[in-house]
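Let's take a walk through this model together. Keep the viewer open and follow along as we go.

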There are 2 protein chains.
Amino acid sequence: MQTDLTHPKDHALIPVSAIEEFGENEPIQLDCGHDLAPFSIAYQTYGKLNEARTNAVLICHALTGDQYAADTHPLTGKPGWWSRMIGPGKPIDTDHYFVICTNVLGGCMGSTGPASLNPETGRPYGLDFPVITIADMVRAQERLIERLGIPSLFAVVGGSMGGMQVLEWAASYPEKVFSAIPIATAARHSSQNIAFHEVGRQAVMADPDWRGGRYLEAGVRPRKGLAVARMAAHITYLSDEALHRKFGRNLQDRDCVTFGFDADFQVESYLRHQGMSFVDRFDANSYLYITRAMDYFDLAQDHGGLAQAFRKARSRFCVVSFTSDWLYPTRESREIVQALNAVAANVSFVEIESDKGHDAFLLHEPELFDAVSGFLSAAAERRGL
Amino acid sequence: MQTDLTHPKDHALIPVSAIEEFGENEPIQLDCGHDLAPFSIAYQTYGKLNEARTNAVLICHALTGDQYAADTHPLTGKPGWWSRMIGPGKPIDTDHYFVICTNVLGGCMGSTGPASLNPETGRPYGLDFPVITIADMVRAQERLIERLGIPSLFAVVGGSMGGMQVLEWAASYPEKVFSAIPIATAARHSSQNIAFHEVGRQAVMADPDWRGGRYLEAGVRPRKGLAVARMAAHITYLSDEALHRKFGRNLQDRDCVTFGFDADFQVESYLRHQGMSFVDRFDANSYLYITRAMDYFDLAQDHGGLAQAFRKARSRFCVVSFTSDWLYPTRESREIVQALNAVAANVSFVEIESDKGHDAFLLHEPELFDAVSGFLSAAAERRGL
């Protein structure tokens, strides 16, 4: 079932990962109307599937995440993005649960995306790749779960865009989601969020090395544009307080300002580093496609109302927000909770006091760990795990 | 005293304005240690100076503002940026006050800046222009006021970066400021604000048409980079609520999303327009220099403590903030008020309930108009105007 594949380095930043391939005769019907085939979904697993196949937990990653949730990232050499959350004895305990994390459709770590070869042309898709949605990502995940022989998931868990996928799972496949933990997310992308994404896309597209999306064939990358996009986005992941606490107006390796345009301030140096290190692990077109999928996300619009979206939901929900998250503020989590209450769903809501901003879901937040761990334990008992 | 000057179009976007020139023997000592000479300050005036020369109000503009505060902008054809505030019968009443608004040093509307000719080389300064500070801008304004024969200002008024100049005036020339109205500002630029500025600068510098700052000689402009910088900044000028109210997730001239990267959403279209129209009226290097001046602003650091900065202040202060301004939040205005209180200054503080965000100071805000009008009337009475 696991295929180790090393893709040509010039096509994408793709390391060895488990990849499930869906052939010409197994297309995925996308929201845009296009039938995509063939396609591949790359994923990592942690822990063991029990005999009853009832202990699978699907982890959904955020915009720039990938399937390496709990093990060393093959490109950066850093611990997985949720290694605090997932592992033996951790809140999502791999001694008890079989954890699956896929790279989203449209991604650049092995799942089919704009950097993949277009079978019709033999060249990378570039902008010929169809625009995908959060629902399309979830459809692809559902196909993988089916392929793995898992009839229903014990839990679907994710933060930010991962939380959008969690909500979409609960709305689209209610019978396959026993419990759901959407964290630091919203049922629709706000105007401000669309605006920030548009800035990022324009930054990428303004880079002449983007070449209308055909940079891979030219052997270049829109590094500067993508770095600027990442810098702008990164500010939105942190709170004003977190930036103040972490950097304030501290200078970088100097006693006084240089009266120039070098990175005088630590926060400048930090942002530049965030931008430059990001381009080494992420594909610019994937960034365009995934931000677009988030912009398009509007569960109420897609289902004729938010409560309507959840009318068939059978899952237990644990909705989590952070007080200092200004990208997906608590009021947007409350809207989800209200809609769930309106259909008498089983929902608990945890607003966590934190000054770390949106990124809190990735950081050391004991209250988050306790909430996830406690909720999953109770749900496991209900499921007889 | 007024010199009408039309500068060569390829050097800067400079229309006809009053310009005061300071010669080789009248250098300005800059914070960076450089003596700048010659230099020019472009300005507009409204109303009449009284015989006692006691009714002059200096208006300080924000990052992308200019001297056209109250009359039609010569490049855009739009009303002056503060035409709601300044004019006959308006809060800053030109029937009573002589209003002066200068283009800041480092600007691109006639005052000396990076687009000006460097007398040493005969070429535009570009990055050879010295890095300036808010205090340098104020020094240049003080030279102009002196040249105009005005011994002291009745009031100094400004929002955002204009407010920084107001604070700097009160700290550096306490005997020359009778009253001061710093609006939607802070005594120092926060880490988050520096971060957003750095994104903008990197966007400009990433544009190959920036050419290390030497684009004017090459007959090009870093249009795309500057547009991205403006787009990112513009989001920070509005509140989340204002964006939601104004645009929400409304689509632009279409019934459904196009599954592409066109501006599907109104907010995208709006931002693109903001970016593109900005580059027609603003010089990219000026944007770098002025953002840098704001980043460097830290009144407490410069004066050994914020209260210390105001210890000689004799002005009456009216400090104004807006509830939904997340760029210069109310708590930063409170810090100013607390420091003023600590030195027993005469200060009133107005926090205005508004959902318009930082840009509220430029918009129709009756409570702001009432505050400014009332404060100035009382101060005028005190001054016997």
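This is a predicted model: local features need pLDDT of at least 70, side-chain atom pairs count only at pLDDT 80 or more; totals for chains, interfaces and linings use all residues.

Residues are numbered from 1 along each chain as its sequence is written, chains are lettered from A and ligands numbered from 1 in the order in which they are written, and side-chain values use heavy atoms, with hydrogens and water left out.

So what does the contact involve? Chain A brings 54 residues and chain B brings 54 residues, where contact means heavy atoms within 4.5 Å. About 4700 Å² is buried between them, with carbon and sulfur atoms giving 66%; buried area here is the accessible area (1.4 Å probe) that two parts lose on being put together, summed over both. On the chain A side, R249(A), F259(A) and F261(A) supply 19% of what that chain buries against chain B, more than any other three residues.

Chains A and B share 12 salt bridges, each a side-chain nitrogen of Lys or Arg within 4 Å of a carboxyl oxygen of Asp or Glu. One to click on joins R272(B) to E198(A), at 2.5 Å from N to O. As for which elements of chain A take part, α3 (191-206), α5 (223-237), α6 (240-246), α7 (266-279) and α8 (284-296) each give two or more residues to the side touching chain B, and α3(A) gives the most, with 12 residues. Helices (H or I, at least four residues) and strands (E, at least two) are DSSP runs, numbered from the N terminus.

β4(A) pairs antiparallel with β1 (residues 18-22) of chain A over five bridges, and E21(A) has S40(A) as its bridge partner. β4(A) also pairs antiparallel with β8 (residues 98-102) of chain A, over four bridges; there Y46(A) is partnered by V99(A). Strands pair if DSSP finds at least two bridges between them.

Last stop: T64(B), in the loop between β5 (56-60) and β6 (86-87) of chain B. Is T64(B) buried or exposed? T64(B) counts as buried because its relative accessible area is 12%. Leaving aside neighbours within four places in sequence, T64(B) is in contact with R230(B), F278(B), R281(B), F282(B) and Y287(B).

Technical notes. Buried means under 20% relative accessible area, exposed over 50%, partly exposed in between (1.4 Å probe, protein chains only).
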